[in-house]
Amino acid sequence: MATTIVGFENDKRISTQKLLQKIYAALEQGETEFEVISSGHHDIGGPLWTEDGSPLRFRIKNPGQRVGSFGLQGTEIIVEGPAPADAGWLNAGASLIIKGDGGDTTAHCSAAGKIYVAGRVGTRSGSLMKHDPAYEPPEFWILKNTGSFSFEFMGGGIAVVCGYDSEEFESVLGDRSCVGMVGGTIFVRGPVQGLSHHVWLAGLDEADQKFLQENIPVFLNKIGKKELLATLTDWSQWQKIVAKTYEERKAQSRITLHEFIEQKWVPGGIFADVVEDDYSFTAGLVNTGEHRLKIPHWQDRRYSAPCEASCPSSIPTQQRINLLREGKIEEALALVLRYSPFPGSVCGEVCPNLCMDACTRAFLDHPVFMKDLGRLSIDVPAPTPPPSTGKKIAVIGGGPGGLSAAWQLRFKGHEVTVFEGDEEVGGKLRQVIPEERLPRQVLNREIDRIKEVGIELRTSTQVDQKLFESLHADYDAVVIASGAHNPIIIPFKGHERVRQGLHFLKALNRGERPSVGKKVVVIGAGNAGMDVGLGAFTMGADEVTAIDIQRPGAYQHEIAHFEKLGGRIEWPFMTEKVDEKGIHATDGRFIEADDILFAVGERPDLSYLPRDWVDDCGMVAIDECRQVVAAPGVFAVGDTTEPGLLTHAIGSGRDVAEYIDDMLNNVELVPKPKREMIPQSCLRKEYFRPLKRGHFKVEDVVELETSRCLSCGTCRDCGMCMEACPEGAITREELEDGAFEYVSDEKYCIGCGICAGICPCGIWAMEQVV
């Protein structure tokens, strides 16, 4: 029997304070069910609890603001009709059911519990929702639509906007939804317009459909609308919204010269240091031993070269060229296989070669020809793996990241099985990249080399939830490397007319001949966009235009090839809508088109994983050691954790192999940062003669690059320091393993720094004596 609380006395409305005091008094008497007849009284329903933990139930008519605010777990609040602003504000676990519309800022700052609304909600509803990982995420269910500015700065939780009876609205989320959103998931049915650029709009995967299939009936039962189940479970009408990752949102910037002078210059100037001296010893003008002002240190490989530091796979090209310079050809070409199983396919063909962008030689004439060096290792035989440790590792995905992890783990003695859904391994190297950019014989040779070392490849094996659970139970470690193959959708008007460029490229690489129109527009002018454009020309297009909202991200030679074929690039181009005639920009420009393709990025399909293993942006949630936060022994690489290049996937695969090997050997996992890059100020570029660009003909890359590479941070054994030392303090010593080192004798060294000043490679460093 519910206790009735009335908000009137003697036909007059009582204050909110008095009504709440009535509820508190009844609660003290042990009452747990309340019928509240209100007249705009606010803050009904929370935060309240019972001493013995018994659940509380409120049925409220005509509430005021903040009904259910701060509601706690174990409290159920049913509003018979609409609710004004701030319903469910800072909900901390209560179940709030509103059998009508919700006002502005419904579910604002909700952190736990579930809020069900049988109608519409007002502006800024769902803003600042958050999720404490120690508790279940908050849920916010809306039968119809939201007002503008909904889900601002959302940080976590799940929202479901069913879009029922909302056909007259251009967007069921109102205008400027999801501004500043950094986490959480929004499932939405119906038209969506005006989304913030902080989020992606994507289709549902199997796990999403399962979540909605299980919970929509619960929602409809709560609000008394069970008859709508069939209407709301047509999954073709649903989409989801997830936040962009930090890497996708961040923008690079540099401080201005004025800021540099104000913030950096003065603190490092000549008046910055204070000298302390007790004057117990008077030194001469020139000193040796402990009385030197500076002490030289030979720091061979203390720093990484710019090429190595910028390479996501950490390939030490300077060491490779040093070996070539010493005539150790086989050792030099095999060196790269310690870091990547794809020196020819990736380094030699499709990589943007970030190493070349960073190469010190570019300050003189032209970067070292890394692609040609990579191709030298195509036919290098695989090393012999060590004896088996008996440990088994499952790798899900046979793309560059998965095969890199498998390769490295095999050479640590572990037994590796790769599970690949396609008929052959290779991932996007095989499925997406055109053969004219990556010759198939190069890729096949390197795949064969991987097969030769005893890695088991199970192709045509799609990993679902059941198989994953089996792998997790049967193997000592699991690597998630299934890549990103779900294309991103930009929700402008008419986006359903646009085809996916990824699917188009995969069809081309399968040997099919997908049809295209005569006038094609590709949305996205990165490398994928160029590949789609070239494919369109191959399939018979007469005109191909690539558009982008920013400067095209494709390699310059890819752009040049595209334009040579007749392709055109327009940027910045902000798409407003697509119709049967073509594509319209927000500034009024129009491009006629009978076929339009997306090429703007992909998201991973992780529906085979438990939902709590995936972060709010739809990526695998990993720690600093690439281990899944919720599952020790499971690791993730490549595009399953963040968007990146093929070489990023290869590098993360190598990192994961090291972490797994540590784990299997009972070594505590700690992050392994890259070595610091050598400062350019340590290098002596003036010793190297620039070549005229017209003389660059790569007929013999070994002969050409052994003389051009500066060997940044790695001693090239030139002996200049030994010859230049005025005191003859430096000697060269042979070590037992055939290596060498240069040593400065403190009995003769005066700390002049000539060795550091003359070293072309930045090996000698001077330590300032305090």
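**Notebook: a sheet, its helices and a helix pair**

I began with helix α15 (residues 465-474), which lies across β15, β16, β18 and β29 and runs at about 155° to β15. I note here that the model is a predicted one.

Next I looked up helix α12 (residues 400-410), and found that it lies across β15 (392-396), β16 (415-419), β17 and β18, running at about 165° to β16.

I then traced the strands themselves: they form an open sheet of 5 strands in the order β17-β16-β15-β18-β29, with parallel pairing. Its edge strands are β17 (456-458) and β29 (634-636), each of which pairs on one side only, and the twist from one strand to the next averages 20°. Looking at one pair, I saw that β18 (residues 477-480) and β29 are joined in the parallel sense over 3 bridges, with valine 478 opposite valine 634 in β29.

Elsewhere I checked strand β21 (residues 519-523), where 4 of the 5 residues are buried. This strand runs parallel to β22 (residues 543-547), to which 5 bridges join it, and lysine 519 stands opposite glutamate 543 in β22.

Last I turned to helices α16 (residues 501-509) and α17 (residues 527-538), whose axes come within 10 Å and cross at roughly 55°, which means that α16 is oblique to α17. The crossing of α16 and α17 is left-handed. In this contact Gly501, Phe504, Leu505 and Leu508 of α16 meet Ala528, Asp531, Val532, Gly535 and Ala536 of α17, and I sorted the contact residues into 6 nonpolar, 2 polar and 1 charged.

Technical notes:
Residues are numbered from 1 along each chain as its sequence is written. This is a predicted model: local features need pLDDT of at least 70, side-chain atom pairs count only at pLDDT 80 or more; totals for chains, interfaces and linings use all residues. Side-chain values use heavy atoms; hydrogens and water are left out. Axes are lines fitted to C-alpha atoms, for helices over the stretch in contact, and angles run from 0 to 180 degrees between N-to-C directions. Helices (H or I, at least four residues) and strands (E, at least two) are DSSP runs, numbered from the N terminus. Angles under 35 degrees count as roughly parallel, over 145 as roughly antiparallel, 65 to 115 as roughly perpendicular and the rest as oblique. A crossing is left-handed if the near helix is turned anticlockwise from the far one by less than a right angle, and right-handed if clockwise. Contact means heavy atoms within 4.5 Å. Ala, Val, Leu, Ile, Met, Phe, Trp, Tyr, Cys and Pro count as nonpolar, Asp, Glu, Lys and Arg as charged, and the others, Gly among them, as polar. Buried means under 20% relative accessible area, exposed over 50%, partly exposed in between (1.4 Å probe, protein chains only). Two strands pair if DSSP finds at least two bridges between them.
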